[in-house]
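Hi,

Here is the structure I promised to pass on to you. Have a look at it first, and then read my notes below.

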Amino acid sequence: MGSIKTSKLRAALERHAAISESKLGKRHPHAASWFAKRGIRPGDIRLHAARLASAGALAGAMLMGTPFISKGASFGTDKIANAPLDSIQNLFSDNLKSLLPSSVHPLNPEIEDQISRIIEEFWGIRASAKLDGEHLNTTYGYMGAEQHLPHFPGDSVSQHDAYQQSGITPGKGAWGYFANSKNELTDDLVQKEKYYVAVQTLYLPDWETRLPYLREWYKYRKVMVINPTNGKTVVAVVADAGPANWTGKSFGASPEIMAYLDMKDGAQRGPAILFFVDDKDNAIPLGPVERRNK
Amino acid sequence: MTKVFYDHLLIIEEVIAVFDLNAIKGNERKELLQLIDKTMHHEILDTILTHLPRAHHEEFLLRFHSSPHDMSLMTYLNEHAGIDVEKEILKAANTVKKTLIKEIEAAKK
């Protein structure tokens, strides 16, 4: 048996790798471009898998096992509870970005389910695209900055404790004033205005035919809003309708939310995921999500 | 080595056995196996995407990208491709192995 001339073998194997890559690119150019957009080559998928497996350790240096959700995999929720917030948010963001399409558009139900699983693993909160059979037209879209909403008739922006430069809408929100008068304003209602979103109920296909039910169902409906680019997350309520489709935005959010999610750049908008929070006991507080719910 | 969901069909041990027979060791062995691995992934992906209807490509790629090791991907493929994808992957892997083993033999001095 002769010995192997490894340089010759290496050249041959490199040739096969190059030919097969080129063949894949020619036969499935969309797939090649899909991989290219994510900065990986199809032949390096094992390397990518290894990076995923080590991402947790790099991000938090404390997360065990695979950081990506899969059947039977777990992050180790106690580890998440003790990790630094920015590590958790980075890892959360990495997981979301690996699932999201390259352009901002409605997600398919399987991806939405996977995102729900990731949310529950990270934050211990049950949030989903569909709740009680209701689903917005999209759960992934651009979110734009809204003004403050008046708490009660005659309210002015000077009575809001932050982001006064954002201004206040001249009229009430789609669900009316939060309170009939200043005397009736409670801390809970103040929190609702601080952390409110506007969703496009007006474009729901059954909005007009089921108006009485849907109007009640959406009023102060608790939602989770996520900026997938940085993993920052807020629990909020629906308190206004909009924005109009022509704006190119699917959701609006209060100045407090936009600031926390770091969507306060010149464009005043950014991609966001918006899921309903399943919180029938009203146990999840409004505001930034920065620790795992127990 | 990090797993990919179709690893069990590659039976790469057949190539490793040939490497062993020819005393290919150390870093050289590692690097050559990586080249073989690349070719395998290209060919297997080509096989998968050829049999999976185009409408499901993006979803498959998303899922594959997020969890390359997830065995439920095989179920997904079988359901959406309407054929026995495992059989097709096995066939493609065998063809690649045969070709590459021939190259190993041809590289003998």
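**What I found**

Let's start with one residue: setting aside neighbours within four places in sequence, L274(A) is in contact with L136(A), T139(A), V197(A), V199(A), V223(A), V225(A) and F251(A). Two residues are in contact here if their C-beta atoms, placed from the backbone, lie within 7 Å.

A word on the ground rules. This is a predicted model, in which local features need pLDDT of at least 70 and side-chain atom pairs count only at pLDDT 80 or more, while totals for chains, interfaces and linings use all residues. Residues are numbered from 1 along each chain as its sequence is written, and chains are lettered from A and ligands numbered from 1 in the order in which they are written.

**The core**

L274(A) is also among the residues with the most contacts inside the largest nonpolar core, together with V197(A), V223(A), M224(A), V225(A), A236(A) and I257(A). That core has 94 residues. A nonpolar core is a set of buried Ala, Val, Leu, Ile, Met, Phe, Trp, Tyr and Cys residues joined through C-beta atoms within 7 Å. A residue is buried if 20 or more other C-beta atoms lie within 10 Å of its own, exposed if 12 or fewer, and partly exposed in between, with C-beta atoms placed from the backbone. The element that gives the most to this core is α3(B), with 8 residues.

**Chain A**

Chain A has 9 helices and 10 strands; helices (H or I, at least four residues) and strands (E, at least two) are DSSP runs, numbered from the N terminus. Of its 294 residues, 42% are buried.

Look at α5(A) and α6(A): they pack at an angle of about 170°, and their axes are 10 Å apart. Axes are lines fitted to C-alpha atoms, for helices over the stretch in contact, and angles run from 0 to 180 degrees between N-to-C directions. The angle makes α5(A) roughly antiparallel to α6(A), a label for angles over 145 degrees. I88(A), F92(A), N95(A), L96(A) and L99(A) of α5(A) meet I111(A), Q114(A), I115(A), I118(A) and F122(A) of α6(A).

G242(A) and P243(A) are joined by a cis peptide bond, with omega about -5°, and P243(A) is in the loop between β7 (232–241) and β8 (251–253) of chain A. N282(A), which is not a glycine, has a positive phi near 55°. Is N282(A) buried or exposed? N282(A) counts as exposed, because it has 9 C-beta neighbours inside 10 Å.

**Where the chains meet**

The contact takes 36 residues from chain B and 40 residues from chain A. On the chain B side, α3 (26–51), α4 (57–66) and α6 (85–106) each supply at least two residues. The largest share of that side, 13 residues, comes from α3(B).

As for α4(B), its buried residues are L61(B), L62(B), R63(B), F64(B) and S66(B). They pack against α2 (29–37), α5 (85–99) and α6 (109–123) of chain A, together with α5 (72–81) of chain B.

**Confidence**

pLDDT is the predictor's confidence in each residue, from 0 to 100. Chain B averages 91, and 98% of its residues score at least 70. The predictor gives the complex an ipTM of 0.94 and a pTM of 0.58.

Enjoy exploring!

Notes. Parallel < 35°, antiparallel > 145°, perpendicular 65-115°, else oblique.
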